[in-house]
Amino acid sequence: MPDITRDQVLEQLKAVRGPEGGDIVSLGLVSDIVVSGAKVMFSITVPAEKAASLEPLRAAAEAAVRDLPGVEGAMVVLTAEKKGGAGAPGGATQPPRPAGTQAPPPRQQPAAAPPRGKAGIPGIDAIVAVASGKGGVGKSTTAVNLALALKANGLRVGILDADIYGPSLPRLLDLKDKKPEIISGRTLRALDAYGVKVMSIGFLVEEETPMIWRGPMVISALNQMMREVEWGDLDILVVDMPPGTGDAQLTMAQQVPLAGAIIVSTPQDLALIDARRGLAMFQRVDVPVLGIVENMSYFLCPHCGERTDIFSHGGARKEAETLGVPFLGEVPLDLRIRETSDAGTPIVASDPESPYAKVYREVATKVWDGIQRDRSEGGRPPPKIVIE
Ligand code: ADP
């Protein structure tokens, strides 16, 4: 079957009427068409105040594209048009408001209001974010092993890949060619890996597909992945956040009803500065930081068992003390962690007796205790963070 083209998608969408007559293509409302194999994604620009009532339009556009021969999946998001005078394109002080059709209504300014009152997800008791100030520090590896360790500790666990720019959960959990089943309308059933429920944008697009999504699309897609998925009853949902601390991350941190956040950092000073930005970001949206995990902390020689502190280890522990946030644990730099990650058999599941699995289980215990403590204290004030 030849590849689906953007023109075919546009042609098909000409049958969809706009909010006030005309078709959505001629009205210039369709943008950001991404075709990836048999999957199609695009956005429809609508007035922000009408977003909630335009769900039928979104659904009709999605259905029209799904009807194209060769299309296996379509994801359509509504994005809000920018009001005139809101600033230069790309340099607007205020990002276009995501016109997601799902509750809760997105906020206009990512940094403005705290997340109190955000609608939770029915059936999910606590949502925690795993974040890092920059990429490549082992955030996803930590998120996956943490989720499995929480499960090993007896909890009902899910993991959501919100790393929309580089989804890696399908690979890390050996679900690369799996597709979530559609159960009713547009609700997807989460996949299962080692007893943990899993959802990732990577099930809809290839990991290698460069994603050039605008902020509002990201938020809308995230909302869809959280709220239109049958997770079942979960004690905890671990969210693997995209790396960094830009506006997109901030908005996400604000959108997701988080019980707390975990920051992953390597011991290098540079990474710690980034980690501090991560802390500051959660502080801005009033999400308690459950603690810092130091990843690639030290090297344990597999032959002689000798421990080498490759990057002056201990930085994260000291930093956590200075900042007044809990230190959750040190994960060694180890080939087995990398190999098992790459093979889709994370160490906590594939070698639960290993010392590494034990480290992750201890981190999991501290995370869960932290959530319970915060709840019994009615939420503790976030630490004061200063970025020098
Ligand atoms: P991020 O999500 O921060 O970009 P990943 O979890 O994808 O980082 O990890 C980056 C690379 O480092 C991967 O190849 C992963 O297997 C490897 N890695 C992560 N943590 C460790 C560790 N503790 N020891 C060895 N390799 C690790």
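1. Around the ligand stand 17 residues, of which Gly136, Lys139, Ser140, Thr141 and Pro332 come nearest; a residue counts here if one of its heavy atoms lies within 4 Å of the ligand. The model is predicted: local features need pLDDT of at least 70, side-chain atom pairs count only at pLDDT 80 or more, and totals for chains, interfaces and linings use all residues. Residues are numbered from 1 along each chain as its sequence is written, and side-chain values use heavy atoms, with hydrogens and water left out.

2. Thr141 places a polar side-chain atom 2.6 Å from an oxygen atom of the ligand, and a polar backbone atom of Gly136 is 2.9 Å from a ligand oxygen atom. A nitrogen atom of the ligand lies 3.0 Å from a polar side-chain atom of Asn295. The protein buries 82% of the 560 Å² that the ligand exposes when taken alone (Shrake-Rupley method, 1.4 Å probe).

3. Two or more residues of the shell come from each of α3 (139-152), β13 (289-300), β15 (327-333) and α9 (335-342). Helices (H or I, at least four residues) and strands (E, at least two) are DSSP runs, numbered from the N terminus. The most is given by α9, with four residues.

4. Elsewhere, an open sheet of three strands runs in the order β6-β7-β10 with mixed pairing; two strands pair if DSSP finds at least two bridges between them. Its edge strands, β6 (182-184) and β10 (229-230), each pair on one side only. β7 (residues 187-189) pairs with β10 in the parallel sense over two bridges, and Leu188 stands opposite Val229 in β10.

Key: A polar contact is a pair of N or O atoms within 3.5 Å; within protein, one must be able to donate a hydrogen and the other to accept it, and residues adjacent in sequence count only if both atoms are side-chain atoms.
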